[in-house]
Amino acid sequence: MVKRTLFFGSSCRLSLKNCQLVIENKETGEIKTCPIEDIGYAVIEDQSVSITIPAMDALAKNNVAVVFCDAKKMPSSMLLNLESNNVLAEVYKTQIEASVPLKKNLWKQIVSAKIENQARLLNELGKDGDSLKPYYMNVKSGDSDNREGIAARMYWRLLFGSDFVRSRDGGMPNGMLNYGYSILRAGMARAIMGSGLFPAFGLFHKNRYNAFPLADDLMEPYRPYVDQIVYELVSRGINKLDINAKQELLRVFFKDTTFGTITRPMEVGLSITTASLVKCFNGEAKQLSFPIL
C-alpha cells in the first residue's frame, strides 16, 4: 500500500490515540485523525506545531520519515527509526566491510544512471538529451574523470537556459530544487533504514557533519524526477516556493518509477533500490536497481 504524505503548514497539535495520529487545529479546534500505519512521510513546516512524545515514538516505530522545517520553512532535520529492520547487525557488518573497488563500482553505476535519466528527461521535454549519451556510456570506476560534473553543466544549461546557474543559494528555481531534493533525501533515508542499512556509511559522499551520506549517494538517479516537477512549475509561470509549489513537490513520491517491465510509485521504487544495495553488499548481486525515467 502506498503511504500517505502529510504536510503541516499551520498551527496544530499532534498527539496519539488508539494508534491514530490526532491532528487538532489550534485555531478552530477541529480534530482529524489518520492511522499511523498509513503514513509514510510527514513534513512539519509551521514553527508553532506541537507534537507529543508518544506520537513521535509511534511515527518513528512505523518508519515514518518526519521532516522538520526551520524558521525559513526549509527542511532542516529528520526523525527516523533506528530499529526499522530486524537484521541490522548483519547488514551493518556487510556494509562496513564493503571493499573500496566495490564502492567505486557502485558509484559508477549511480553516476551512469543519473546522467541517463537526465538525458531522458531532456529528450522528453524536446531538448537535446542525446548530447549526454557519451557521458553516461563511458563512466569509469569511481567516476575518476568526473563525468557527473561535466554532464551536469550541460544538463542545467539545456534544461533551464544558458543563464541558469545551479546553486544552493541561487535564485529561483534553485529554491524549488533545494526543497524537492530535501524531501527526496528524507524519502531515501527512510528506505535505507527500512532495508537495514546505516545512512551514515556512504559510498562516495563523505562529510563529518553529514549524517546521511548514503541517502545523498542513492538519491542521485532520482533527482531528475524532482527536476521534472520544477520544470513543469516554471513552465506554468510559478517562480516562487509557495504552498502550492511545495504540495506539488511533495507528490514526487507518487510519481511512477519503472524498473524493466515493472512500474511502481517512487515510494516503492526507493525501497527497490536500497534492497538491491543490500544484495550487492552480500554478494548476491552486482547491479544496483534504478528506475529508467
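**Cores, rings and a buried helix**

R190 lies over the face of Y41, at 5.1 Å from the ring centre. This arrangement belongs to a predicted model, in which the mean pLDDT is 88 and 94% of the residues reach 70 or more. Among the elements of the protein, helix 2 (residues 88–96) has the lowest mean pLDDT, 76, whereas helix 8 (residues 223–235) has the highest, 95.

**Nonpolar cores**
- The largest nonpolar core has 73 residues, and W156, Y222 and L270 are those with the most contacts inside it; helix 6 (residues 174–194) supplies the largest share of this core, 12 residues.
- Leaving aside neighbours within four places in sequence, L270 is in contact with Y41, L184, G187, M188, A191, Y222 and F253.
- Apart from this core lies another, of 19 residues, which includes L6, L21, A60 and V66.

**Helix 1**
- In helix 1 (residues 53–61), the residues A55, A58, L59 and A60 are buried, and the buried residues of this helix pack against several strands, among them strand 2 (12–17), strand 3 (20–25) and strand 5 (39–44).
- After helix 1 comes N63, whose phi is positive, near 55°.

**Aromatic rings**
- The protein has 9 aromatic pairs, and one of them, formed by Y222 and Y225, is tilted, with 6.1 Å from centre to centre and 35° between the planes.
- Y222 counts as buried because its relative accessible area is 0%, and Y225 is likewise buried, with a relative accessible area of 2%.
- Ring pairs also link Y155, W156, F160, F164 and Y231 into a cluster.
- The charged end of R223 sits over the ring of Y181, at 4.4 Å from its centre.

Terms used:
Residues numbered from 1 in each chain as written. Predicted model: local features only at pLDDT ≥ 70, side-chain atom pairs only at ≥ 80, totals over all residues. Heavy atoms only, no water. Core = buried A, V, L, I, M, F, W, Y, C linked by side-chain atoms within 4.5 Å. Buried < 20%, exposed > 50% of the residue type's maximum accessible area, 1.4 Å probe, protein only. Helix = DSSP H or I, 4+ residues; strand = E, 2+ residues; numbered from the N terminus. Contact = heavy atoms within 4.5 Å. pLDDT = per-residue confidence, 0-100. Phe/Tyr/Trp six-rings, centres within 6.5 Å; stacked < 30°, edge-to-face > 60°. Lys NZ or Arg CZ within 6 Å of the ring centre and 35° of its normal.
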